[in-house]
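Let's walk through it together, one piece at a time.

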Amino acid sequence: MADLQALGEAVIAGDRDKVAKLTQEAVDESVGVEDIINEGLIAGMNVVGVKFKNNEFYVPEVLIAARAMHAGMDIIKPLIVESGIEPRGKVIIGTVKGDLHDIGKNLVAMMLEGGGYEVVDLQVDVSPEKYVESVNEMGANVVALSALLTTTMPSMKDTIDALSEAGVRDKVKVMIGGAPVTQSYADEIGADGYAPDAASAVDLAAELIG
Ligand code: B1M
């Protein structure tokens, strides 16, 4: 009998092999894909998010849990396509132009995926033009910008300006984050929201998408 609670616990424990095994068992027993995701994988990742927020978990534990969750998602992904489950929204994420730091951005991307969002990761050193092009090509509910350097923070404003100039600013919400970024900076440059950490970024995406 598939044990989705144990699956969630395996995600929290970061036990990749157990996550893969329990996910496969659930699939073999014809448990619904949505249940496997919501009651197993995402339920576990939600606990990880809370623990991260409360400083009970630190970056390595979150990365290990996210990797374990991916082991389950890899098994589920083909079935999601078949079953046509709608993601909660699409997020285009990247680290802004001139900035190569990606550890925090990757965490945010993984947590968003764990939260049920479709995530398009443009990686690092992403120019304002590339964000605009991606929004035009793929559409998105949220554009998520990460910056770790005070010298690259202005690229967040440049990106928002580029979205406005391209006439797509009102089609997407823009959220920003990264160690030097603050709520007041978000207000100053006209971003829709700021999140201090990866778990809060998932809450913010839900809030922005509504
Ligand atoms: Co760099 N670096 N670095 N670095 N580096 C910092 C950021 C720095 C603070 C170190 C220091 O001097 N004390 C400093 C910036 C100073 C400043 O501007 N104020 C700095 C510098 C100066 C540089 C270089 C210029 C160094 C040089 O070459 N002279 C250079 C720049 C390269 C470039 O980007 N063009 C550089 C290079 C590098 C490495 C390549 C060696 C490496 C990056 C490797 C990689 O990312 N793949 C690196 C690292 C590792 C760091 C530190 C040590 C760690 C950053 C990190 O990954 N933290 C960092 C010092 C520090 O922070 N202690 C430093 C862990 C990560 C989980 O946290 O990224 O903050 P963080 O993400 C958090 C939140 O901020 C938030 O959620 C995450 C999880 O909670 N968050 C978001 C992040 N993005 C978000 C987006 C959101 C929402 C939340 O919504 C969209």
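Predicted model: local features only at pLDDT ≥ 70, side-chain atom pairs only at ≥ 80, totals over all residues.

To find His101, look in the loop between strand 1 (90-95) and helix 5 (103-114).

Now for the inside. The largest nonpolar core has 47 residues, and Leu41, Met45, Leu112 and Met175 are those with the most contacts inside it. Several elements each supply at least two residues of this core, among them helix 3 (33-53), helix 4 (59-83) and strand 3 (142-146). Domain 1 (4-83) and domain 2 (90-209) both give residues to this core, so it lies between them. There is also a second, separate core of 26 residues, which includes Ile92, Val143, Ile176 and Ala191.

Met175 is worth a stop of its own. Leaving aside residues up to four places away in sequence, Met175 touches a list of residues including Leu112, Val143, Gly193 and Leu208.

Helix 2 has 13 residues and reaches 18 Å from its first C-alpha to its last, close to the 18 Å expected at 1.5 Å a residue. Which residues of helix 2 are buried? They are Val19, Leu22, Thr23 and Ala26. Seen down the axis of helix 2, these buried residues fall within an arc of 100°, so they line one face of the helix. On the other side of helix 2, Asp17, Lys21 and Asp28 are exposed. After helix 2 comes Ser30, with a positive phi near 60°.

Notes. Residues numbered from 1 in each chain as written. Heavy atoms only, no water. Helix = DSSP H or I, 4+ residues; strand = E, 2+ residues; numbered from the N terminus. Core = buried A, V, L, I, M, F, W, Y, C linked by side-chain atoms within 4.5 Å. Buried < 20%, exposed > 50% of the residue type's maximum accessible area, 1.4 Å probe, protein only. Domains from an automatic or database assignment. Contact = heavy atoms within 4.5 Å. Expected span 1.5 Å × (residues − 1). Arc of directions from axis to C-beta.
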